[in-house]
Structure formats: C-alpha cells, structure tokens
Amino acid sequence: RVLRGRPLDLTGRKVVISAGGTREAIDPVRYIGNRSSGLQGYALARTAAARGAEVTLVAANVALSDPAGAKVVRVESAAEMREAVLSAAADADVVVMAAAVADFRPATRHDTKIKKTDGEPEPIFLTKNPDILAELGTLRRDARTAQVRSGDGTPPLPPSPSLPPEPASLGVATPQSPPSGVTSPEPGDSRPGGGGLEVASRRGLRAYPEVIVGFAAETDDVLANGQAKLARKGCDLLVVNQVGEGLAFGTPDNAATVLVAGGEPVEVPFGPKEDVADAVWDLVAARLS
Ligand code: CTP
Ligand code: CA
C-alpha cells in the first residue's frame with residue numbers, strides 16, 4: 001500500500017537498522033527498560049526494503065511481526081545489541097540506530113529472584129552501557145585514518161573534531177594504523193603501501209559504513225541538544241523527535257527534524273512514521289557514493 005511508488009535508490013545497498021528498546025536484567029524476572037515500541041525502526045526497515053536495500057533489522061523487545069524482506073536479529077540487552085549491530089555493520093553501507101539503548105544497566109545481575117524481606121530493599125547500583133552509535137563513529141574515523149596513512153590514495157574525509165578518542169574494542173575487526181610515517185603492506189598486497197579499504201575488503205570487511213544515522217528523543221532544548229549530539233556521536237544524520245504527551249512513543253505518527261552534518265536541517269511534518277523513514281532514506285541516498 002504505502003510502499004508502492006518509491007524510488008529503488010537503495011538497490012544493492014546493505015543497511016542495518018536497530019529498533020525497539022533494550023532491557024537490562026536486574027534478576028531472572030525483572031529488568032530496566034524503556035517505552036520504545038520499535039514502530040519507527042520497523043517503518044525504516046519496510047521502506048528501505050521497498051527502496052531496494054538488503055536490510056538487517058536488529059530488534060530489541062518489540063511486539064511486531066517481521067517486516068517482509070528484512071533479516072531480523074532479535075536481541076534483549078544493550079550488550080547483545082552492540083554485538084549484533086557491530087557485526088552486521090562490518091559490511092554495511094548504512095547503519096541507522098533507531099533503537100532506544102539503555103544508557104545504564106544494573107552493575108550486578110542477581111542469579112535468583114530478589115526476595116521481599118521485612119527490611120528496606122537493597123539499592124540497585126548502575127553501570128554505564130557502551131554507546132553503540134558513538135563507537136561506530138569512532139571505528140569509522142579510525143578506519144578512515146588508517147586508510148589514508150596506509151597510502152590508499154583516497155582523500156581523507158574530515159574527522160569529526162568533537163569525537164573523543166575512544167579505544168575501539170571487541171566485536172568488529174578494526175583496521176589498525178601503522179606507526180606514523182610507516183607504511184606496512186599486507187602480505188600478498190601488490191600495491192605499494194598496502195591499501196586499507198582494499199585490505200579490509202579482501203578480509204571480507206568494508207572499512208566502515210558510509211552513512212551513520214542516529215536518533216534522539218529530547219524533551220527540552222530539542223535542536224540545541226540535537227546539534228551537540230550529532231557532533232559528539234560523529235554521525236552524518238540525527239533524527240530529533242520531541243517527546244511528550246502523545247508524541248513519539250508507541251504512536252503510528254510522528255514529526256521530526258533531521259539534522260544533517262554539514263548541511264541544513266530538514267523538517268518532516270507530523271504524519272506516518274514512514275514519512276520520517278522516507279525523509280531519512282532520501283538524505284541517505286544522496287550521501288551514498
Ligand atoms: N545510542 C547507542 N548506544 C547507547 C545509547 C544511545 O547507540 N548506549 C544511540 C541511540 O540508538 C540513538 C543515539 O545514540 O541513535 C542517541 O541516543 P540518546 O539516548 O538520545 O543519546 P545519549 O548520548 O544517550 O544522550 P542522553 O540520553 O543523555 O540524551
Ligand atoms: Ca540515552
């Protein structure tokens with residue numbers, strides 16, 4: 001129905017979309033969660049498939065049926081989502097983080113159900129979860145730096161200046177930069193100086209997703225907070241929603257502002273979440289080489 005009449009401008013592109021909200025276990029029966037329904041992520045998956053993309057949907061705790069034409073990977077916690085997203089991102093052209101990822105998780109998970117006692121309950125201590133979107137931005141920045149240093153010949157894309165230098169860790173292979181001034185050709189690489197992206201692709205990896213998209217739900221100072229977040233996370237697009245009564249969570253309709261790195265914001269008027277999705281794909285398609 002709504003899916004007809006779309007351009008096939010994502011044909012041959014691999015896109016990874018996260019959807020829903022993570023749950024962080026307190027004990028075997030309880031968790032810390034959030035109100036994300038997954039509707040926006042699923043709208044992104046349907047519309048991307050309709051526009052020709054090969055879609056991997058990483059879904060956390062949604063009560064929605066699998067969209068046609070997408071490979072669905074179901075996860076529960078932020079840690080599981082990170083594994084699934086980073087491994088799918090290794091050969092993706094586009095990653096869209098529409099999921100609500102818990103910022104914190106209980107520092108310890110009880111193996112057995114916490115029992116009610118006569119005394120006051122024990123406090124639940126929290127610890128930080130990894131920031132998947134920021135990690136993708138860092139991995140891409142490092143991959144691009146390594147690619148330029150190893151003499152790939154591709155002109156450097158400007159690094160995101162505000163991104164903190166975070167060590168890349170497990171989950172995906174990271175092209176390592178050689179010491180400065182040293183080029184280290186891979187064994188069997190006939191080209192002088194190696195070639196980061198080429199080496200990565202021979203290992204079955206692309207060096208990075210070309211377009212990274214984040215979402216942000218804000219309750220106040222919506223645009224200022226969004227701009228700061230776009231820069232901090234090193235992503236290309238940030239879809240900002242205002243959250244409040246009847247807005248964004250669990251509803252089929254939404255309005256959004258898409259912030260664009262190095263460009264003007266795009267307003268998407270109140271309407272079906274497919275409209276927000278198509279506005280995102282229009283901007284993504286324009287940024288894909
Ligand atoms: N995100 C992520 N990993 C996290 C937290 C968030 O990948 N641990 C992603 C979300 O999927 C979203 C974007 O980052 O695409 C912005 O999430 P948001 O919660 O708005 O940003 P935070 O940096 O967590 O800031 P805050 O919650 O303090 O507003
Ligand atoms: Ca957050």
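**The ligand shell**

Around ligand 1 there are 15 residues, and the closest are M97, A99, L133, K229 and K233; a residue is counted if one of its heavy atoms lies within 4 Å of the molecule. Before going further: this is a predicted model, where local features need pLDDT of at least 70, side-chain atom pairs count only at pLDDT 80 or more, and totals for chains, interfaces and linings use all residues. Residues are numbered from 1 along each chain as its sequence is written, chains are lettered from A and ligands numbered from 1 in written order, and side-chain values use heavy atoms, with hydrogens and water left out.

By class, the shell holds nine nonpolar residues, one polar and five charged. Nonpolar here is Ala, Val, Leu, Ile, Met, Phe, Trp, Tyr, Cys and Pro; charged is Asp, Glu, Lys and Arg; the others, Gly among them, are polar. Three elements each supply at least two shell residues: α3 (132-149), β9 (211-218) and α5 (222-233). Helices (H or I, at least four residues) and strands (E, at least two) are DSSP runs numbered from the N terminus.

Now the polar pairs, taken as N or O atoms within 3.5 Å. K233 places a polar side-chain atom 2.8 Å from a ligand 1 oxygen. For D103, a polar side-chain atom is 3.0 Å from an oxygen of ligand 1. F215 takes part through a polar backbone atom, 2.9 Å from a ligand oxygen. On its own, ligand 1 has 570 Å² of accessible area, and the protein covers 77% of that (Shrake-Rupley, 1.4 Å probe).

Where does ligand 1 sit? In the largest pocket, meaning that more than half of its atoms lie within 2 Å of the pocket's grid points. A pocket is an open set of points on a 1 Å grid over the protein atoms alone, where a 1.4 Å probe fits, with protein on both sides within 12 Å along at least five of seven lines; lining residues have an atom within 4 Å of a point. The lining numbers 42 residues, with A99, A100, V101, D103 and F215 nearest the centre.

Conventions:
A polar contact is a pair of N or O atoms within 3.5 Å; within protein, one must be able to donate a hydrogen and the other to accept it, and residues adjacent in sequence count only if both atoms are side-chain atoms.
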